[in-house]
Amino acid sequence: MSGMLYSLVALGFVLIFKASGVFNFAQGAMVLFAALAMARFAEWIPQWTGLEGKWLPNILAFIAALIVMIAVAWVIEKLVLGKLVNQEGVTLLMATLGVSYFLDGFGQTIFGSSIYKIDVGMPKDPIFLFQSTFQGGLLINKEDVFAAVIAAGLVATLAAFFQYTSTGRALRAVADDHQAAQSIGIPLNRIWVIVWSVAGFVALVAGMIWGSKLGVQFSLSVLALKALPLVILGGLTSVPGAIVGGLILGVGEKLAEVFLGPMLGGGIEIWFAYVLALGFLLIRPQGLFGEKIIDRV
């Protein structure tokens with residue numbers, strides 16, 4: 001479950017970097033902002049409309065939260081990124097860092113700072129598999145299975161979007177060279193709004209699942225930054241790499257905690273991901289599925 005949640009957050013990093021060359025430090029804050037919007041709208045809509053039940057209020061809350069995230073994407077492009085076209089990468093990176101702090105504070109102002117829950121009806125009861133194969137069987141949480149299916153569906157959809165649609169090809173062209181893309185008529189501002197909107201949608205899905213599992217609280221934005229070493233592991237430009245890297249990280253940190261924790265005094269999960277990412281930077285800097293850059297002189 002941890003690996004799939006990290007993967008969903010990492011998808012947002014990969015999408016924005018793949019389409020704009022910007023490493024978006026605000027993705028963790030976007031996950032938190034989207035989860036807060038979903039949780040609060042799910043609470044407010046029944047009060048405003050008198051609707052009962054679970055499914056319809058949650059669907060309306062998801063739509064409302066998605067509209068909010070698209071509006072956030074539009075504002076970020078118009079007020080921040082649109083003013084920094086063709087600037088150095090470090091300038092854009094610092095801009096996203098500022099956006100991150102703004103979203104943290106703005107989300108607390110609008111939606112409150114309490115701990116909220118999201119109940120979308122995902123089954124939480126565990127099931128046992130392979131009991132006839134080995135003693136005790138394998139304990140699986142149904143919610144984990146739902147998260148895996150959702151992540152796999154998002155990966156397949158996004159991979160097809162980038163590969164087979166004209167907008168996806170335009171996104172890749174912008175990522176390769178902003179100025180060249182502009183010279184052939186690709187509207188850079190519109191492309192950035194699209195990619196940030198898609199990243200907002202991915203953040204909303206991740207926040208919804210994470211909020212259903214752990215509750216919506218402001219520590220989510222910090223937890224979401226655990227996806228940073230995952231992006232290095234899978235590759236900054238690879239959508240499938242975000243998922244594979246998440247699985248490796250999720251399984252690896254749990255196994256390390258169980259087998260190495262007793263010998264090292266525990267707390268392995270806190271730093272395992274970053275040590276693993278450092279090792280990959282030394283051996284394969286572009287990550288498992290990243291594009292190897294060759295400069296010819």
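In this predicted model, residues 24 or more positions apart supply 72% of the contacts that have a separation of 6 or more. The secondary structure of the protein consists of 13 helices and two strands.

**Overall form**

- The C-alpha trace of the protein spans about 65 × 55 × 35 Å along its principal axes.
- The radius of gyration is 20 Å, which agrees with a compact globule, because a globule of 297 residues would have a value near 19 Å.
- Of the 297 residues in the protein, 45% are buried.

**Surface and charge**

- The protein exposes about 14,700 Å², and 66% of this area comes from carbon and sulfur atoms.
- There are 17 positive and 16 negative side chains in the protein.
- The centres of these two sets of side chains lie 5 Å apart.

**Helix α2 and residue M30**

- Helix α2 covers residues 27-49 and has 23 residues.
- From its first C-alpha to its last, α2 reaches 32 Å, close to the 33 Å expected at 1.5 Å a residue.
- Because 17 of its 23 residues are buried, α2 is largely enclosed by the rest of the structure.
- G50 follows α2 and has a positive phi, near 75°.
- M30 is a residue of α2, and it counts as buried because its relative accessibility is 1%, below the 20% cut-off for buried residues.
- Leaving aside residues up to four places away in sequence, M30 touches N24, M69, L103, W196, A199, G200 and A203.
- M30 lies 58 residues from E88 in sequence, and their C-alpha atoms are 23 Å apart in space.

**Helix α11**

- Helix α11 runs over residues 239-259, which makes 21 residues.
- The span of α11 from first C-alpha to last is 31 Å, close to the expected 30 Å at 1.5 Å a residue.
- The buried residues of α11 include the glycines G241, G245, G246, G250 and G252.
- Also among the buried residues of α11 are V239, A242, I243, L249, E253 and A256.
- These buried residues pack against α1 (2-20), α5 (142-164), α10 (227-234), α12 (261-264) and α13 (268-283).

**Residue G12 in helix α1**

- G12 is located in helix α1.
- With a relative accessible area of 0%, G12 is buried.
- Not counting residues up to four places away in sequence, G12 is in contact with Q27, A199 and V202.
- A199 is also on the contact list of M30.
- G12 and V198 are 186 residues apart along the chain, but 8.0 Å separates their C-alpha atoms.

**Residue G82 in a loop**

- G82 is in the loop that joins α3 (55-79) and α4 (89-111).
- G82 is partly exposed, because its relative accessible area is 27%, and this class lies between the cut-offs of 20% and 50%.
- Apart from residues up to four places away in sequence, G82 touches E77 and N189.
- The C-alpha atoms of G82 and L236 are separated by 23 Å, and the two residues are 154 apart along the chain.

Note on methods:
Residues are numbered from 1 along each chain as its sequence is written. This is a predicted model: local features need pLDDT of at least 70, side-chain atom pairs count only at pLDDT 80 or more; totals for chains, interfaces and linings use all residues. Side-chain values use heavy atoms; hydrogens and water are left out. Helices (H or I, at least four residues) and strands (E, at least two) are DSSP runs, numbered from the N terminus. The radius of gyration is taken over C-alpha atoms; the globule rule is 2.2 Å times the number of residues to the power 0.38. Buried means under 20% relative accessible area, exposed over 50%, partly exposed in between (1.4 Å probe, protein chains only). Contact means heavy atoms within 4.5 Å. Accessible areas come from the Shrake-Rupley method with a 1.4 Å probe; for residues, only the protein chains shown count as cover. Lys and Arg count as positive and Asp and Glu as negative; His and the chain ends are not counted. The place of a charge is taken as NZ of Lys, CZ of Arg, CG of Asp or CD of Glu. The expected span of a helix is 1.5 Å times one less than its number of residues.
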